[in-house]
Amino acid sequence: MSSLKNDRLLRALLREPVDMTPVWMMRQAGRYLPEYRATRAKAGSFMDLCKNPELACEVTIQPLERFPLDGAILFSDILTIPDAMGLGLYFTEGEGPKFERPIRDAAAVKAIGIPDPEQELGYVMDAVRTIRRELDGRVPLIGFSGSPWTLATYMVEDGSTKNFARVKGMIFEQPEVMHELLGKVAESVISYLNAQIAAGAQAAMIFDTWGGVLSPREYKLFSLAYMQRIINGLVRENEGRKVPVILFTKGGGQWLDRMAETGCDALGVDWTTDLADARIRVQGKVALQGNLDPCVLYSSPERIRDEVGRVLASYGDGPGHVFNLGHGIHLDVDPDRAAVLVDAVHEQSVTYHKSA
């Protein structure tokens with residue numbers, strides 16, 4: 001593997017000094033880019049794109065050709081694990097992901113196994129290896145997975161939901177069934193992320209998209225406990241470097257202090273929490289990633305630069321900040337606005353790293 005030419009992201013995630021704040025964007029490889037839409041059309045469908053290592057590599061690298069980003073994130077989908085468990089993932093226009101065999105009872109949980117990441121999920125590992133080769137040390141590659149609670153939510157609800165009736169019904173009425181499901185998913189995530197790291201991922205991110213819909217007690221029992229299990233099981237060093245782990249619970253600002261106790265290296269923060277407050281809450285235990293509201297990218301270049309400045313100022317001086325959006329970039333954002341964001345972060349952040 002080639003040595004890294006730009007390791008700013010990895011150093012920031014480990015709270016080591018950097019010359020400027022690194023920046024990447026959640027969903028940076030996606031539908032807002034015309035070149036992505038062209039590649040997806042060539043692939044035939046979203047899952048065909050995910051399962052083609054060469055095309056997944058192509059779309060992973062596309063945003064780096066446009067913007068001087070400090071990291072690449074593997075192009076894949078969080079529902080690869082449920083799909084590999086045999087639930088029959090498919091996508092319907094306007095409705096999003098669905099499953100032919102959703103999880104509804106204890107028998108369905110008992111029937112699923114732990115996928116072999118180099119077999120059922122081998123296409124993801126092939127994509128990681130291809131991307132690392134093509135990046136040639138340009139920037140680090142971030143691997144990722146959905147959190148057990150988030151994956152279980154999709155598996156039980158059969159796709160997207162507004163009120164979480166089935167999955168919350170299960171945690172209150174059949175908690176033992178939910179714990180068995182979460183245990184199997186957590187074990188799958190551990191082997192999946194460790195395989196990504198072995199294949200060349202240089203950081204790992206756990207996306208807990210739906211943790212924020214839980215009450216504090218249920219969040220601790222059904223979401224955080226299983227992310228803790230994953231962190232305990234991950235390989236944390238590879239190729240002679242530490243492999244930073246990022247946890248991100250959307251809507252989870254009130255639990256940042258608890259999340260910081262897990263042993264992760266960094267926490268993603270959405271736009272509903274001020275970074276200055278977050279920094280106080282985590283007491284220097286972890287780096288922070290975030291947290292511009294993605295809707296700022298609908299505004300003028302001047303306003304984008306102002307809002308970037310506000311986020312940088314809210315974090316303040318010193319290492320341990322990775323600039324990102326508070327959630328994924330929206331599909332109808334003008335790519336030129338994203339360019340303004342990336343350039344503004346690099347230009348304005350130098351002053352916060354004078355001692356580096």
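This is a predicted model: local features need pLDDT of at least 70, side-chain atom pairs count only at pLDDT 80 or more; totals for chains, interfaces and linings use all residues.
Good morning. Seven strands make up an open sheet, and their order is 1-4-5-8-9-10-11, with parallel pairing. At the edges stand strand 1, residues 72–73, and strand 11, residues 321–325, each of which pairs on one side only.

Why is strand 4 described as largely enclosed by the rest of the structure? The reason is that 6 of the 6 residues in strand 4, residues 141–146, are buried. Both of its faces are covered: L141, G143 and S145 are buried on one side, and I142, F144 and G146 are buried on the other.

I turn now to helix 8, residues 148–157. This helix is mostly covered, since 10 of its 10 residues are buried; among them are W149, L151 and M155. The helix is followed by D158, whose phi is positive, near 65°.

Is Y154 buried or exposed? Y154 has a relative accessible area of 12%, and residues under 20% count as buried, so Y154 is buried. Leaving out residues up to four places away in sequence, Y154 touches I78, L79, P97, F99, G159, S160 and W210. Of these, F99 is 55 residues away from Y154 along the chain, yet their C-alpha atoms are separated by 8.6 Å.

A second example comes from a loop. Q202 is found between helix 10 and strand 5. With a relative accessible area of 10%, Q202 is buried as well. Its contacts beyond four places in sequence include L4, L10, R132, V139 and L141, together with K242, V243 and P244.

Next is the largest nonpolar core, which has 128 residues. Those with the most contacts inside this core are M178, L181, L267 and L341. Helix 10, residues 175–199, gives the most to the core, with 12 residues. What does L341 contact, apart from its neighbours within four places in sequence? The partners of L341 are M25, L292, L297, I304, V308, F323 and L325.

Finally, I come to the largest pocket, which holds about 1,500 Å³ of space. Its lining has 39 residues, of which R27, R31, F46, D77 and F91 are the closest to the centre. Helix 2, helix 3, strand 2 and strand 3 are the elements that each give two or more residues to this lining. Strand 2 supplies the largest share, 3 residues. How many lining residues are nonpolar, polar and charged? The lining divides into 20 nonpolar, 12 polar and 7 charged residues.

Thank you for your attention.

Definitions and conventions: Residues are numbered from 1 along each chain as its sequence is written. Side-chain values use heavy atoms; hydrogens and water are left out. A nonpolar core is a set of buried Ala, Val, Leu, Ile, Met, Phe, Trp, Tyr and Cys residues joined through side-chain atoms within 4.5 Å. Buried means under 20% relative accessible area, exposed over 50%, partly exposed in between (1.4 Å probe, protein chains only). Helices (H or I, at least four residues) and strands (E, at least two) are DSSP runs, numbered from the N terminus. Contact means heavy atoms within 4.5 Å. On a 1 Å grid over the protein atoms alone, a cavity is a set of points where a 1.4 Å probe fits but cannot get out, and a pocket is an open set with protein on both sides within 12 Å along at least five of seven lines; lining residues have an atom within 4 Å of a point. Grid points are joined across faces, edges and corners, and a volume is the space filled by probe spheres set on the points. Ala, Val, Leu, Ile, Met, Phe, Trp, Tyr, Cys and Pro count as nonpolar, Asp, Glu, Lys and Arg as charged, and the others, Gly among them, as polar. Two strands pair if DSSP finds at least two bridges between them.
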